[in-house]
Amino acid sequence: MSHLQDSINEYWTDRAPAYDDYQQRPERRADDIGAWARIWAAALPSAPADVLDVGTGSGHVAFVLAGLGHRVTGIDLSEGMIARAREHAVLLAEPPAIRVGDAVAPDFADRSFDAVVGRYVMWTLRDPAAAVPNWVRLLRPGGVVAMVDSTWFADGLGNLYGDRPDATLPLADARSIDETASVLEQGGLVDVRVTPLESILELDRQHGVAPGHDVQLQYLVTGRAPQV
Ligand SMILES: C[S@@+](CC[C@H](N)C(=O)[O-])C[C@H]1O[C@@H](n2cnc3c(N)ncnc32)[C@H](O)[C@@H]1O
């Protein structure tokens, strides 16, 4: 795969332990799972549905969705993140399947999922415009894409991934979430909607956010595969 993708994978593998520990903060965990469960339940078809979590990382979304009764597969290209997700998975009776896989070109049969989801992933895809049509192909008619993201690096990504220029990650320095919505629309989804996640903003204000980050409003961006 590309040198850029290698840099992305290495970054997340190095960061995986700290990222995952932060996701598991005990003082926030119960509120967090409750808030995210409500957000995903409202966005997705009724359980049990077949759901693909792209860029699953240490599996936060995949585990919340499995808890809602969905049949979940989580894919990621960072070995460190996958290792963390698998450590959590072995503790569950009915865990999500965790696999190494590319969010831009997921290797699954056409029409094998009811939903493709992702959290904090659109911004870091090397080619989001190529990814969305691939997700549409995986969806059964009327299936849903639901992505959570924000305008994390509106002032530029800087050297997060080493000396790669910002422009190589098309959504990293988006100034408006409408840029993400527009990529979903142009990728073939219909009824694209943007919903601000006020409940998560409130939790971030109460508990604070990761070192080096500011509290920022996050958004759920959804779209449906056309009925054919
Ligand atoms: C900010 S983390 C988000 C993790 C998780 N979704 C969450 O909500 O905590 C971004 C993740 O996207 C993954 N990622 C980036 N590009 C990817 C790609 N092309 N295929 C699979 N995973 C990718 C990274 O390895 C990393 O685990």
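Reader: Which side chain meets that of Asp204 in a salt bridge?

Author: This is a predicted model. Side chains of opposite charge can pair when their charged atoms come close. The closeness here is 2.7 Å, N to O, and the partner of Asp204 in this salt bridge is Arg28.

Reader: How many residues apart in sequence are the parts that Asp204 and Arg28 tie together?

Author: Asp204 belongs to helix H7 and Arg28 to helix H2. The pair therefore ties together parts whose separation in sequence is 176 residues.

Reader: Is Arg28 buried or exposed?

Author: Buried means under 20% relative accessible area. The relative accessible area of Arg28 is 7%, so Arg28 is buried.

Reader: Are H2 and H7 roughly parallel or roughly antiparallel to each other?

Author: The axes of helix H2 (residues 26–43) and helix H7 (residues 198–207) come within 10 Å and cross at roughly 170°. Angles over 145 degrees count as roughly antiparallel. The two helices, H2 and H7, are therefore roughly antiparallel.

Reader: How many residues of the contact of H2 with H7 are charged?

Author: Residues that meet in this contact include Glu27, Arg28, Asp31 and Asp32 in H2, and Asp204 in H7. The contact divides into five nonpolar residues, three polar and, as charged residues, five.

Reader: Which residues are linked with Asp50 and Arg71 in a network of salt bridges?

Author: Arg140 and Asp114 form a salt bridge, with their closest N and O atoms 3.0 Å apart. Arg140 lies in strand E5 (residues 139–149) and Asp114 in strand E4. The network joins Asp50 and Arg71 with Asp114 and Arg140.

Technical notes
Residues numbered from 1 in each chain as written. Predicted model: local features only at pLDDT ≥ 70, side-chain atom pairs only at ≥ 80, totals over all residues. Heavy atoms only, no water. Axes fitted to C-alpha atoms, helices over the stretch in contact; angles between N-to-C directions. Helix = DSSP H or I, 4+ residues; strand = E, 2+ residues; numbered from the N terminus. Parallel < 35°, antiparallel > 145°, perpendicular 65-115°, else oblique. Contact = heavy atoms within 4.5 Å. Nonpolar A, V, L, I, M, F, W, Y, C, P; charged D, E, K, R; others polar. Salt bridge = Lys/Arg side-chain N within 4 Å of Asp/Glu carboxyl O. Buried < 20%, exposed > 50% of the residue type's maximum accessible area, 1.4 Å probe, protein only.
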